[in-house]
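Hi,

Here is the structure I said I would pass on.

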Amino acid sequence: MQQGQRPAGVKNEAFPEKTMIFGLFRKKNNNQAIVDRQYAVLTAAARMREIYERLNVPDTVMGRFEMLSIAMILFFRRTRSSATSGQEIAQEIVDAFFQDIDYSIRELGIGDNSVPKRMKKLAGMFYGRLEAYSKAMDTGDTEALALALTRNIYPESPVPADMSGLANWMMAAEAHLSALAEEEIATGSATLPPVAHSPVARPPVA
């Protein structure tokens with residue numbers, strides 16, 4: 001996905017999931033270098049090959065959408081307690097994520113009339129995941145998180161997939177982000193941890 005201009009989105013205030021605005025575009029030049037740097041780090045983390053090789057995430061278009069969503073959600077959650085500047089950066093990063101999705105849909109040759117409908121559906125998926133994952137992570141319930149991941153990543157599989165490895169990584173990533181200084185958030189220097197070595201997960205059998 002290619003990064004372009006940012007669509008105006010939802011403010012990072014207690015996760016107002018259903019107020020995403022489409023069709024408007026903005027660009028805050030004062031944050032641009034910081035946002036670009038942080039966005040690149042998050043997207044690179046979502047593409048770590050170990051995630052797809054060891055954590056049972058399918059290396060497909062939708063599998064990568066799921067991991068990009070998770071990376072954005074983890075960063076978005078971290079900035080809930082940040083100063084205004086950190087929350088603004090998080091907002092612009094989420095905006096960049098949706099603009100990349102918009103760009104990718106158009107690159108696939110989807111007609112202009114169909115793009116808003118598809119974007120609305122993907123936005124609903126993203127904010128639904130934000131709500132479900134946050135509910136589990138706020139209570140430290142790794143098992144509930146793994147179940148939510150299974151429902152979202154393997155929605156049509158008759159055999160439940162083991163997403164405990166990804167759930168554990170997300171919990172570790174949240175702890176890692178929580179330990180970062182605010183300066184790292186404000187300068188776009190936040191990182192996500194690598195995937196710990198573990199036995200290769202087996203995908204469900206259809």
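Before the details, a word on naming: helices (H or I, at least four residues) and strands (E, at least two) are DSSP runs, numbered from the N terminus. This is a predicted model, so local features need pLDDT of at least 70 and side-chain atom pairs count only at pLDDT 80 or more, while totals for chains, interfaces and linings use all residues. Residues are numbered from 1 along each chain as its sequence is written, and side-chain values use heavy atoms, with hydrogens and water left out.

First, the overall picture. The protein chain has eight helices and two strands, and along the sequence they run β-β-α-α-α-α-α-α-α-α. Of its 206 residues, 48% count as buried (buried is under 20% relative accessible area, exposed over 50%, partly exposed in between, with a 1.4 Å probe and protein chains only). Taking contacts (heavy atoms within 4.5 Å) between residues at least 6 apart in sequence, 70% join residues at least 24 apart.

Now the core. A nonpolar core here is a set of buried Ala, Val, Leu, Ile, Met, Phe, Trp, Tyr and Cys residues joined through side-chain atoms within 4.5 Å. The largest one has 61 residues, and L149, L166 and W169 have the most contacts inside it. Two or more residues each come from helix 1 (32–46), helix 2 (49–54), helix 3, helix 4 (84–107), helix 5, helix 6 (142–153) and helix 7 (164–178). Helix 5 gives the largest share, eleven residues. Setting aside residues up to four places away in sequence, W169 touches M48, L55, M67, I70, L74, L192, P193, P194 and V195.

Helix 3 is worth a look for its packing. (Axes are lines fitted to C-alpha atoms, for helices over the stretch in contact, and angles run from 0 to 180 degrees between N-to-C directions.) Helix 3 (residues 61–78) packs on helix 5 (residues 115–138) at about 55°, with the axes 10 Å apart. The two are therefore oblique to each other; angles under 35 degrees count as roughly parallel, over 145 as roughly antiparallel, 65 to 115 as roughly perpendicular and the rest as oblique. On the helix 3 side, the residues that meet helix 5 include F65, I73 and R77, and their partners in helix 5 include M125, L130 and Y133. By class, that contact has 13 nonpolar, two polar and four charged residues (Ala, Val, Leu, Ile, Met, Phe, Trp, Tyr, Cys and Pro count as nonpolar, Asp, Glu, Lys and Arg as charged, and the others, Gly among them, as polar).

With helix 4, the axes of helix 3 and helix 4 come within 10 Å and cross at roughly 165°. That makes helix 3 roughly antiparallel to helix 4. F65, L68, S69, M72, F75 and F76 in helix 3 meet I89, A90, Q91, I93, V94, F97 and I101 in helix 4. This contact divides into eleven nonpolar, two polar and no charged residues.

R78 sits in helix 3 and counts as buried, because its relative accessibility is 8%. Leaving aside neighbours within four places in sequence, R78 is in contact with L177, S178, L180, A181, E182 and I185. P160 lies in the loop between helix 6 and helix 7 and is exposed, with a relative accessible area of 67%. P160 and T150 are ten residues apart in sequence and 6.7 Å apart in space, C-alpha to C-alpha.

Cheers
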